[in-house]
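I opened a notebook page for this model today.

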There are 2 protein chains.
Amino acid sequence: MSKAFPPALERLIKNLSRLPGIGEKTATRYALQILRWQEPTAQELAVSIAELHRKILLCSTCFAFSEQDPCPICADSRRNREILCVVEGPADLLSIESSGAFNGLYHVLHGALSPSEGVGPEELRVDRLLNRLGTQGIKELVLATSSTVAGEATAAYLAQCCKEFPVTVTRLACGIPMGMDVKYADQLTLKRALEARFSY
Amino acid sequence: MSKAFPPALERLIKNLSRLPGIGEKTATRYALQILRWQEPTAQELAVSIAELHRKILLCSTCFAFSEQDPCPICADSRRNREILCVVEGPADLLSIESSGAFNGLYHVLHGALSPSEGVGPEELRVDRLLNRLGTQGIKELVLATSSTVAGEATAAYLAQCCKEFPVTVTRLACGIPMGMDVKYADQLTLKRALEARFSY
């Protein structure tokens, strides 16, 4: 593939290939589509990418992406400041927010512990989380990392670290997802769902 | 989803969602990845999108994307000017070029006949193709449209149109793809492969 496209198109294809899970074929499809758009549509995409790093910063309290510091959630006086939810990334925060079931504050780790990839407590800035526990009067820490190997390890590590603080540590429940047929649930999920069964 | 991300991120997600086959979740993944890049990498992507429409034009002879008019293929004196290959789109041209099996000129239709979507001979600028046949001393026309319903219809229509010109009309062979197990080939492909069997 390549070499028959003009340089400007090849350059865009190369740049689009850097996106996660995008090979040269998909990048070519996207680039040809962008070329098919009206020029203002393409310019709007270009400008929104160009402005991204300039506009977005990390909230210095919770490390969520934001255009202000502190972020709108940390600055919102209606949120419950005694409960803190730890998530791996910004997309997790967004999912929990859109569930509407959480009214506390967040802490974004921007990753999960993974020694093989060189991600340790320092990369996740765990000290900043513990610092919040020690100074901000937090009563409950909800560990909302994923139920993957790395997410579980991160939760276990954080629970261990929190022992020295007067804080209740909780973890998201694990069980059958809503709308899922029991016969399609995997064995581990079923085991956890049975262990955590409740009276009905 | 959405509303918890800062506006600059939401804007990029909305713009990325316009790409083919990209929903809000994938657009979010791409946007967060771009934010994770170093800023110069993101700027490089932004600039390559911003420059695309300004740099790329259609070759006025073959309608391929190019930065010059005529395009490098039309301008190349080493190409065989007596054989013309008709393709649906720029990606098809690229695939044929990278096969290294074709040394003639091209004609890009930018689509295939599809009356239900309002794509007729006029949208494909078939008159410009016939004009080339009448004036440029072309001896063979290779119909390299896809073997889809629309591609086959386009090939059949073009073959009909070419009857009035002293040109040999050929079509890409249809059969088992290289490396494919016969047991996985579909019935229609097998039928065509049997009909077109050759002495070995």
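Entry 1: I note at the outset that the model is predicted. I started with polar contacts between the two chains. Between chain A and chain B I find 21 residue pairs in polar contact, both residues at pLDDT 80 or more. Next I asked which elements of chain A supply the touching side. At least two residues each come from α1 (7-16), α2 (24-36), α3 (39-55), β2 (65-66) and α5 (90-99) of chain A. α3(A) gives the largest share of that side, with 16 residues. I then sorted the residues on the side of chain A that touches chain B by class. I got 31 nonpolar, 11 polar and 10 charged.

**Entry 2: contact and buried area.** How many residues of each chain are in contact with the other? I count 52 residues of chain A against 52 residues of chain B. Together the two chains bury about 5100 Å². Carbon and sulfur atoms account for 73% of that area. I also looked up which residues of chain A lead. A:Ile49, A:His53 and A:Leu94 supply 14% of the area that chain A buries against chain B, more than any other three residues.

**Entry 3: salt bridges.** I turned to charge pairing. Side chains of opposite charge can pair when their charged atoms come close. Four salt bridges lie across the interface of chain A and chain B. With A:Glu51, the closest N and O atoms of B:Arg11 are 3.0 Å apart. With A:Glu44, the closest N and O atoms are 2.9 Å apart. Why does the pair of A:Glu44 and B:Arg11 join two chains? A:Glu44 sits in helix α3 of chain A and B:Arg11 in helix α1 (residues 7-16) of chain B, so the pair links the two.

Entry 4: Last, I searched for cavities. Rolling a probe the size of a water molecule over the atoms shows where empty space is left. I get one cavity of 30 Å³ or more. The largest cavity has a volume of about 30 Å³. From chain A, the lining has A:Leu16, A:Leu19, A:Ile34, A:Leu45 and A:Ile49. From chain B, the lining has B:Leu16, B:Ile34, B:Leu45 and B:Ile49. I see that α3 of chain A and α3 (39-55) of chain B each supply at least two lining residues. What classes make up this lining? I record nine nonpolar, no polar and no charged residues.

Note on methods:
Residues numbered from 1 in each chain as written. Chains lettered and ligands numbered in written order. Predicted model: local features only at pLDDT ≥ 70, side-chain atom pairs only at ≥ 80, totals over all residues. Heavy atoms only, no water. Contact = heavy atoms within 4.5 Å. Buried area = accessible area lost by both parts, 1.4 Å probe. Salt bridge = Lys/Arg side-chain N within 4 Å of Asp/Glu carboxyl O. Polar contact = N/O pair within 3.5 Å; in protein donor to acceptor, adjacent residues only side chain to side chain. Helix = DSSP H or I, 4+ residues; strand = E, 2+ residues; numbered from the N terminus. Nonpolar A, V, L, I, M, F, W, Y, C, P; charged D, E, K, R; others polar. 1 Å grid on protein atoms, 1.4 Å probe; cavity = no way out; pocket = protein on both sides within 12 Å on 5 of 7 lines; lining within 4 Å. Points joined across faces, edges and corners; volume = space filled by probe spheres on them.
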